[in-house]
Amino acid sequence: MKVKVLSRNPDDYVRETKLDIQRVPRNYDPALHPFEVSREYTRALNATKLDRVFAKPFVASLDGHRDGVNCMAKHTNSLSTLLSGSCDGEVKVWNLTKHECVRTLQAHEGFVRGMIVRFCGTSFFTVGDDKTIKQWKMETPGYGEEEEPLNTILGKTVFTGLDHHQKDAVFATCGQQVDIWDEQRSSPIRSFTWGVDSFSSVRFNPVETELLASCASDRSIVLYDMRESAPLKKVIMTMRSNSLCWNPMEAYYFTSSNEDYNLYTYDMRYLNKPIIVHMDHVSAVLDVDYSPTGKEFVSASFDKTVRIFPKDVGHSREVYHTKRMQHVICVKWSADNKYILSGSDEMNIRLWKANAAEKLGVLAPRERQASNYNQKLKEKFHYHPQIRRIAHHRHLPKSIYHQSKELRVMKEARRRKERNVRKHSKPGSVPVVSEKEKHVVTVVK
Amino acid sequence: MAKVSSKKKLSKTKAKKSSEVAGDSAVKKTEVVYDEEEEEDKEDFNENVTSEEEEEDGEDERRRQKLLEAISALGGKRKKTLGERSEAAVQLSEFSVNAEGEGDKINLSDLIGSMDKTPQVSAKTRKQLKTLQQSNRTVESPLSKQETERIQRDVAFQKAASEQLVFPLNQEAPGPKPMERVVTGWKARTPLEEEIFALLSANKQPIHDPILTPQEEVSMKAMSLEEAKIRRAELQKARALQSYYEAKTRRERKIKSKKYHRVQNKAKRKDFVKQFEEMVKSDPAAALEELHKMELARMQERMSLKHQNSGKWAKSKAIMAKYDEGARKAMQQQLEVNKDLTQKLVTAVNDEEEEEEEEDEGGDPEVLPDFVNDAEQGVDSSNPWMRGKLSEDPAEKETSEIVDLTAEEESADVEEEEEEEVKETEEEALLREFDSRRKRRQALIPVISLDDDEEEESKTAAEEEEESKTAVEEKEESKEEEESKVAAVEEEEEEEEEEGETLMRIRTLEDTEELLMQEESAADEAPVPPPAAENPPPASQPAGTNKKRKRGIELKQVLTKATKVIQVPLAHTVEDAEDSDDNQEQRGLIREAFAGDDVVSDFLKEKRKQEAAGKPQVVDLTLPGWGEWGGTGLKLSRRKRKKFRMKAAPPPPRKDVSLPGVIISEKRNRSITLHQVNTLPFPFETHTQFESTIRTPLGRTWNTERTVKKISKPKVVTRMGAIIEPMAREELMKDRNQATVADRNSLKQQTTCKLKDELNGALALKLMSGHEMQTD
């Protein structure tokens with residue numbers, strides 16, 4: 001009788017050393033692996049659920065300020081350093097890895113309105129309500145040395161914002177006008193005005209470094225070229241913009257945070273209407289900062305939340321809030337694209353993860369592969385209603401939840417009314433105005 | 001007047017400049033022109049003053065008229081003066097090119113005409129130009145500059161719009177770097193380092209990056225371009241030839257036809273023989289060498305067991321050989337190969353042997369004595385190898401003699417003879433096989449085995465004197481399974497010595513044969529193989545001589561060990577029967593256990609039910625008594641039935657129509673709809689697109705490792721703890737710079753001008769060109 005015995009060559013499956021990869025023979029015959037869609041759907045569903053389970057974005061809170069945090073600045077060279085200025089004129093330097101304040105200095109009387117670190121990272125500038133611009137050393141003064149600014153410039157008016165050039169020893173301030181300063185001089189080398197008395201924010205373009213943009217109190221956003229004597233262009237909107245930020249990777253785009261609860265992303269070449277209107281906040285948006293990859297931005301709002309928007313999507317993908325966080329005044333995205341920092345009225349700076357469910361620390365290769373695969377699955381199935389429901393679900397404070405509901409109702413009512421008006425008037429007399437066009441009044445050249 | 005003209009020029013340039021100013025240029029122009037006129041007038045006036053002062057009033061009038069004319073002329077269209085190129089500009093605007101001599105066409109022949117006179121023009125270009133002249137097709141005009149730039153931007157943008165972005169952008173390449181790049185101010189400090197460097201410098205070894213000694217560098221440079229080209233061409237050709245050759249051999253190797261290969265081999269052999277003969281004449285030394293080689297090959301073959309049917313494969317074939325003709329042939333072929341290789345070179349040994357054999361069969365005892373003598377000559381009788389050679393030697397001697405006689409005649413007939421020989425050997429093999437089989441059968445049957453024992457006993461008794469010798473020989477034979485001289489020799493001897501005994505034995509064998517035949521016919525005929533039927537032993541054996549028969553017996557004695565092989569099928573059949581019995585029982589049991597439920601019919605019933613439920617019902621709308629008599633037991637009229645019974649259209653065929661064992665439910669499942677996408681998502685245009693994206697699996701269960709990696713790579717990758725700087729302008733311009741690096745220098749001046757312009761006006765434009773964004 002012939003007996004058939006399984007015979008296997010151990011060379012085919014035994015690894016030579018312990019460090020080798022296990023050889024796993026696979027048969028990819030689709031007949032052997034049926035129901036691929038349903039199986040992957042289940043996997044995607046699980047991945048989405050786990051994503052929500054692991055979503056713990058809050059990392060740490062930095063407390064120490066004795067008044068609301070009014071402005072923050074990222075260090076240009078050091079990831080672990082953060083500077084913050086509060087409403088009582090105090091500036092603090094933080095070590096983010098240790099979650100502690102390493103230096104405190106009384107910079108101004110009254111608010112610290114703006115601060116920026118010089119491109120080299122050796123010094124930083126602050127402006128305050130006391131009409132001064134001060135330059136400080138980044139190093140803490142040695143024992144016995146007094147905490148004194150390197151340089152102080154007395155201005156004629158209050159400064160409300162500050163930004164430094166990317167490469168040159170030039171910085172810009174805004175107040176009653178936008179001034180361009182040389183670091184070596186005590187008077188501005190150039191100042192721009194365009195019929196308004198106050199500006200709230202000024203930002204240099206990170207790529208085309210001679211360009212600036214500022215938000216003015218006459219509801220306008222103005223573009224300047226540092227080399228020119230006159231401003232370039234301005235766009236007037238229905239409500240005032242509080243701040244703006246350039247996209248660091250596609251620097252012809254900038255996003256402005258507006259009083260009308262929205263953010264507007266503009267292409268600086270076509271100012272006549274924004275490219276995208278980002279809606280979700282339920283109160284004025286106070287600050288905005290792009291992620292260094294240019295794919296997303298974070299916004300801080302008076303409604304006590306921080307939201308993260310993809311740069312080309314109209315609604316936020318994430319909302320951060322805590323019970324104790326009050327109006328968020330300033331927000332920054334860390335330079336390694338991993339963290340978000342928010343400074344709020346109740347004197348705290350909070351450190352958040354940029355991706356709520358992301359594991360911090362080093363990922364093992366298999367872990368990374370698994371997470372990549374899960375990410376793709378979530379992307380693939382994100383149209384499916386159950387998955388979308390779970391992925392989009394966020395808990396919101398009651399007030400915000402109700403207010404957003406209310407806003408939705410109001411918007412719908414307005415839309416209905418407009419539709420009715422159009423229906424009962426002469427065709428063509430009430431044109432359809434898109435959401436993007438609604439908020440722009442004019443472009444002035 | 002010179003002054004005037006210079007002034008005019010000045011004003012003109014002024015006007016030009018002013019025209020460059022964008023906004024209110026028109027107004028300015030008028031002013032300027034006015035000035036010009038005035039100046040002219042002034043000049044006129046000066047002249048006039050000297051000549052005629054008294055006509056001032058009239059003059060004024062005239063001037064006024066002139067002025068008015070001039071102004072009125074301004075309103076109308078000015079005649080455009082063609083732009084004139086006065087200086088050598090590096091780059092020309094395509095709009096300001098002067099189209100002088102527009103009317104007369106330029107023919108290609110005008111341009112080429114001078115070609116014939118110049119001897120430097122190569123024939124190739126001449127030919128090309130000629131073909132160009134003949135073709136009537138017009139060449140498409142190149143795209144305008146803007147358009148080409150846009151295309152370039154587009155391409156660059158597509159390059160930039162990669163699927164995955166890795167931050168930070170300007171990472172340094174990983175891996176070791178040359179020392180001097182890492183440490184700029186490094187110096188040898190420790191004595192060891194100093195010593196090393198001293199050594200290096202003393203031997204002129206390179207210390208820095210291009211790690212080549214000066215000599216090496218020189219040698220690297222030594223090859224000139226042409227040489228290199230020639231060499232490259234050579235190499236290319238060689239490579240091409242090699243690849244052709246490889247392809248050819250591969251093709252030939254793939255040919256499965258045995259006949260082809262046989263023919264091929266034969267041809268090769270012939271060729272070789274021819275060459276060899278030629279070589280013998282022309283170059284005896286080489287021929288000798290060749291001979292040596294052949295001898296070596298022969299020796300190797302004789303030493304190895306390679307073609308002696310002793311390997312695993314051969315054994316398996318030997319088992320199969322009973323039933324399979326192919327296997328038999330294969331074995332034969334192997335033996336043939338062996339024979340070929342072990343053949344002494346120049347001889348026709350086989351022919352000799354055959355002749356001898358024939359003679360033997362013919363029963364001539366006179367030829368034999370030589371062999372006998374030879375065998376006796378053998379010194380080392382225990383060594384089969386030695387003996388084999390010895391036995392062959394006399395044959396060789398003979399053949400050498402014969403060759404001298406018959407060399408010319410036989411050369412053509414060699415092949416035929418070979419074939420004959422093959423046949424011969426085949427027949428013999430068959431015979432042997434048959435014998436062995438018979439032996440085995442004898443072993444099976446106890447009566448016959450007794451006989452066998454007797455036979456053996458008798459044999460041993462008879463052969464006592466030369467016991468050792470025969471035993472060894474038998475072994476050898478069993479191993480080789482081939483007829484050889486040795487065997488023949490021994491047979492002769494044996495024959496001579498034990499004539500009587502063999503005769504007796506034959507008788508007994510025949511008896512057993514008969515017995516066997518009877519038994520077999522009674523029991524089963526299956527194991528009787530076809531070759532046995534083809535040439536049955538009684539037919540061949542009586543025809544053959546005693547010697548043959550005897551030889552067969554000897555072989556068999558060895559082969560009796562393999563009796564088990566035949567026992568297998570018998571035992572197997574018995575077992576099979578038992579198995580089937582068991583199965584039957586099992587089945588019966590199962591049938592008994594599940595006697596009550598008929599699953600199949602239940603299933604069919606259910607399916608029919610489902611089908612019936614799926615069919616549309618006939619709706620009866622008839623009202624009893626309406627238009628007819630009412631009451632019980634009345635039949636509806638046909639008209640009414642036709643008109644008021646609604647039949648719905650038949651539904652589309654069920655999906656399980658062709659699947660008898662399957663029920664496919666066609667109801668919509670509510671619980672599933674919750675998980676299904678009910679509208680087509682935005683970027684997709686058709687539902688098939690969407691479905692196909694959903695249908696393609698991503699996981700490693702369905703895709704190879706590499707594919708999974710490729711599919712699932714994230715869109716954005718950041719390095720931990722790395723600061724991501726904003727896009728640097730150099731990074732942005734990189735692609736563009738590479739494209740235009742050639743004409744950068746020439747354009748420098750122009751670009752600076754342009755830059756200024758752009759700064760004046762729309763800064764955005766510059767950014768746009770830097771950013772490779774599509775404009776809309």
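Are A:Arg118 and A:Glu183 buried or exposed? In this predicted model, in which local features need pLDDT of at least 70, side-chain atom pairs count only at pLDDT 80 or more, and totals for chains, interfaces and linings use all residues, A:Arg118 is buried, and so is A:Glu183 (buried means under 20% relative accessible area, exposed over 50%, and partly exposed in between, with a 1.4 Å probe and protein chains only). Residues are numbered from 1 along each chain as its sequence is written, chains are lettered from A and ligands numbered from 1 in the order in which they are written, and side-chain values use heavy atoms, with hydrogens and water left out.

The side chains of A:Arg118 and A:Glu183 meet in a salt bridge with an N to O distance of 2.7 Å, a salt bridge being a side-chain nitrogen of Lys or Arg within 4 Å of a carboxyl oxygen of Asp or Glu. This pair links distant parts of the chain, 65 residues apart, with A:Arg118 in the loop between strands E6 (112-117) and E7 (123-128) of chain A and A:Glu183 in the loop between strands E12 (178-182) and E13 (190-192) of chain A (helices, H or I with at least four residues, and strands, E with at least two, are DSSP runs numbered from the N terminus).

Over all chains, the structure holds 28 salt bridges. A:Arg227 pairs with A:Asp225, the closest N and O atoms being 3.0 Å apart; A:Arg227 is partly exposed at 33% relative accessible area, whereas A:Asp225 is buried at 0%. In the salt bridge between A:Arg415 and A:Glu412, the closest N and O atoms are 3.3 Å apart, and the two residues are separated by about one helical turn because they lie three residues apart in helix H4 (residues 398-423) of chain A. A network of salt bridges links A:Glu296, A:Arg317, A:Glu318 and A:Arg394.

Between chain A and chain B, about 4,900 Å² is buried, 63% of it on carbon and sulfur atoms, where buried area is the accessible area (1.4 Å probe) that two parts lose on being put together, summed over both. On the side of chain A that touches chain B, helices H1 (36-53), H2 (365-380) and H3 (385-392) of chain A each give two or more residues, and H2(A) gives the most, with seven residues.
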